[in-house]
Each structure stands twice: as structure tokens, then as C-alpha cells.
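Please look over the sequence and the model shown here before reading on.

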Amino acid sequence: MSLRITVLGSATPHPRPGNPCSGYLVDGGGARVWVDAGSGSLGELQRYVGLGEIDAVWISHLHADHCADLLTAYYGLLHADIRLDAPVPLFGPPGIAERLAGFLTNGPRRSPVEDAFAVEELYDGHEARVGGLRLLARGVEHGGLPAFGLRVEDPDGLRIAYSGDCEPCPAVVELARDCELFLCEADGEGPGHHSAEQAGRTAADARVGTLVVTHVGPGTEPEQAVSSAAGVFAGEVAYAAPGAVFGATRRSRTPGRTRPSPASSR
């Protein structure tokens with residue numbers, strides 16, 4: 001697989017046994033990007049890559065179940081057996097550096113967040129290059145909080161989209177348009193979130209190849225979420241189980257209704 005995403009965790013609103021909060025490792029184009037850093041995801045990240053070996057971190061929004069492990073990553077980068085040649089690029093919502101400093105500062109001197117992270121704030125339409133990967137951010141609707149979805153493209157033109165946390169909106173459809181793989185949260189219908197059925201509709205509107213439902217809300221079983229999404233989306237639907245690996249692959253045929261195919265896992 002030239003472009004793939006590994007699920008580090010997909011739990012909400014707090015980590016569960018065997019399932020950390022939102023975190024994903026995108027690997028392709030000679031680069032490795034840690035996407036969202038929810039509680040518990042740092043430990044799982046290190047199953048696949050050392051903390052000092054990631055090329056960038058990308059954060060969708062500043063709710064703790066998507067960013068809390070940045071705090072322990074900071075300590076790891078500066079105080080563990082890691083040699084940093086330069087701070088790790090960190091792409092995140094406006095105010096992310098001061099939010100981290102607010103948590104990490106324990107005295108009169110502000111915590112040197114920038115020693116660990118080279119912070120670059122996201123905005124609607126923000127683009128970055130990490131190795132051979134192009135990262136495009138779009139502002140999405142998440143209850144008024146600055147929040148972003150992500151589209152990743154590799155040098156071969158393969159594409160993965162990630163909704164972050166958001167309700168159905170034109171921006172997320174545009175972000176996912178014609179992507180081979182689309183991870184969409186399914187925390188439950190209501191302000192700021194997709195239900196599983198709404199995730200299926202967004203995937204259909206965006207004409208994606210494969211939909212992976214993630215961040216499934218409490219009270220909904222993964223199988224139920226997959227079934228609800230598959231009821232309105234004719235392509236392949238799968239669940240973002242911890243350890244699952246999904247690759248962006250070229251579509252050789254028009255997708256038909258399928259049952260969820262097993263993803264590779266650790």
C-alpha cells in the first residue's frame with residue numbers, strides 16, 4: 001500500500017480498555033503523520049513508529065479526546081531518550097500552542113512548547129507538505145469550536161479524507177470528494193456530529209470508494225453503525241477497530257453494495 005492509515009484508537013468520549021480515543025497514523029509518500037492525539041493514542045503509536053520518528057502531527061480540534069496526548073508527547077520529545085534535530089511540525093487549530101502551554105506551565109516561566117513542536121495554525125484551505133504528502137484542511141461545523149477535516153494526497157494521486165468531528169456540511173463533502181478512503185465519525189446525530197447514517201449519506205454525496213466509520217458514540221455497537229451507514233451508501237463500509245489498517249487503492253470498478261470486509265490488523 002502506498003498510502004494507508006492505521007487506527008490507533010477510535011473511542012469517545014474517553015478511552016476504553018483496548019481502545020484509546022481518536023488517533024491515526026497516516027503513512028505514505030515517505031512520511032508518517034500522527035493525526036489526532038486522543039487519550040491513550042501515544043502508547044499505541046509506538047507499536048508502529050517511535051515518537052521521535054514521526055514527521056508531523058495534525059490535530060483536528062482541541063477537545064481532549066482528540067489532543068490530550070500532546071501533553072505526554074511533549075514530555076517524551078524533550079525528556080526521554082529521543083534526540084530531536086528540530087521540533088516536530090504540529091498543525092492544529094488556532095490557539096493550540098497557548099492551550100498546551102497553559103496545561104504544561106507549572107511556574108513563572110512559560111513552558112517551552114516550541115522546543116518540542118514547530119506549531120503552525122490551521123485555517124480553512126490550509127495546505128502543508130510533509131515528505132511526499134499533501135495535507136489539505138477545511139473548516140467544518142463542530143458546535144462553534146474551531147475544527148477541521150483533513151484530506152491527504154500522495155504522489156501517486158491516492159487520497160484519504162478524515163472528517164474530524166463535525167456535523168454534515170458542504171465542506172466535509174468537498175474534502176472527501178472522490179477519495180479512495182474516507183474516515184467519518186459517527187458519534188451520533190445532533191449538533192456537531194454525524195450519525196452513522198449521516199456518515200453514509202456524506203460518503204455517497206462525496207462519491208468515495210470506501211467508508212470507514214469511526215468515533216462511534218456510546219450506546220451504538222460497531223456492527224450497528226456499519227449497517228446503518230451501508231443502508232444509504234452503496235460502497236464498502238468498515239469500522240475503525242483499533243489496530244486496523246486501511247489502504248487507499250485505485251478503484252477498478254464502480255462500487256456495489258458489499259458487506260464490511262476485514263481490515264488487516266496487528
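A residue is called buried when its relative accessible area is under 20%, exposed when the value is over 50%, and partly exposed in between, with a 1.4 Å probe and protein chains only taken into account. By this rule His215, at 1% relative accessibility, counts as buried. The model is a predicted one, in which local features need pLDDT of at least 70 and side-chain atom pairs count only at pLDDT 80 or more, while totals for chains, interfaces and linings use all residues. Residues are numbered from 1 along each chain as its sequence is written, and side-chain values use heavy atoms, with hydrogens and water left out.

The protein contains eight helices and 14 strands; both are DSSP runs numbered from the N terminus, helices being H or I over at least four residues and strands being E over at least two. Its C-alpha trace spans about 60 × 35 × 35 Å along the principal axes. The radius of gyration is 17 Å, which agrees with the value near 18 Å that a compact globule of 266 residues would have; the radius is taken over C-alpha atoms, and the globule rule is 2.2 Å times the number of residues to the power 0.38.

Of the 266 residues, 53% are buried. Among the contacts with a separation of 6 or more, 59% are between residues 24 or more positions apart, a contact meaning heavy atoms within 4.5 Å. The protein exposes about 11,100 Å², of which carbon and sulfur atoms supply 49%; accessible areas come from the Shrake-Rupley method with a 1.4 Å probe, and for residues only the protein chains shown count as cover. There are 22 positive and 33 negative side chains, and the centres of the two sets lie 5 Å apart. In this count Lys and Arg are positive and Asp and Glu negative, with His and the chain ends not counted, and each charge is placed at NZ of Lys, CZ of Arg, CG of Asp or CD of Glu.

Strand β1, residues 3-9, includes Leu3, which counts as buried because its relative accessible area is 0%. What does Leu3 touch, leaving aside its neighbours within four places in sequence? Its contacts include Val26, Asp27 and Gly28, as well as Leu133, Val152, Ile160 and Phe246. Although Leu3 and Asp156 are 153 residues apart along the chain, their C-alpha atoms are separated by 9.0 Å.

The loop between β1 and β2 (23-28) holds Ser10, a buried residue with a relative accessible area of 2%. The side chain of Ser10 reaches the backbone oxygen of Ala240 at 2.9 Å, which can be read against the rule for a polar contact: a pair of N or O atoms within 3.5 Å, where within protein one must be able to donate a hydrogen and the other to accept it, and residues adjacent in sequence count only if both atoms are side-chain atoms. Beyond residues up to four places away in sequence, Ser10 touches, among others, Asn19, Cys21, Thr214, His215 and Tyr239. Pro13 also lies in the loop between β1 and β2, and a cis peptide bond with omega of about 0° joins Thr12 and Pro13.

His215, one of the residues that Ser10 touches, lies in the loop between β12 and α8 and has a positive phi of about 55° although it is not a glycine. Asp36, in strand β3 (residues 31-37), likewise has a positive phi, near 65°, and is buried with a relative accessible area of 0%.

Helix α7, residues 196-206, has buried residues at Ala196, Gln198, Ala199, Gly200, Thr202, Ala203 and Ala206. Which elements do the buried residues of α7 pack against? They pack against α6 (170-176), β11 (181-185), β12 (210-214) and α8 (222-230). Just after α7, Arg207 takes a positive phi of about 60°.

Two further residues have greater accessibility values to consider by the cut-offs above. Arg83, in the loop between α3 (70-79) and β5 (88-92), is exposed, with a relative accessible area of 75%; Arg83 and Val213 are 37 Å apart, C-alpha to C-alpha, and 130 residues apart in sequence. Glu236 lies in strand β13 (residues 236-239) and is partly exposed at 23%, and its C-alpha atom is separated by 31 Å from that of Leu145, 91 residues away along the chain.
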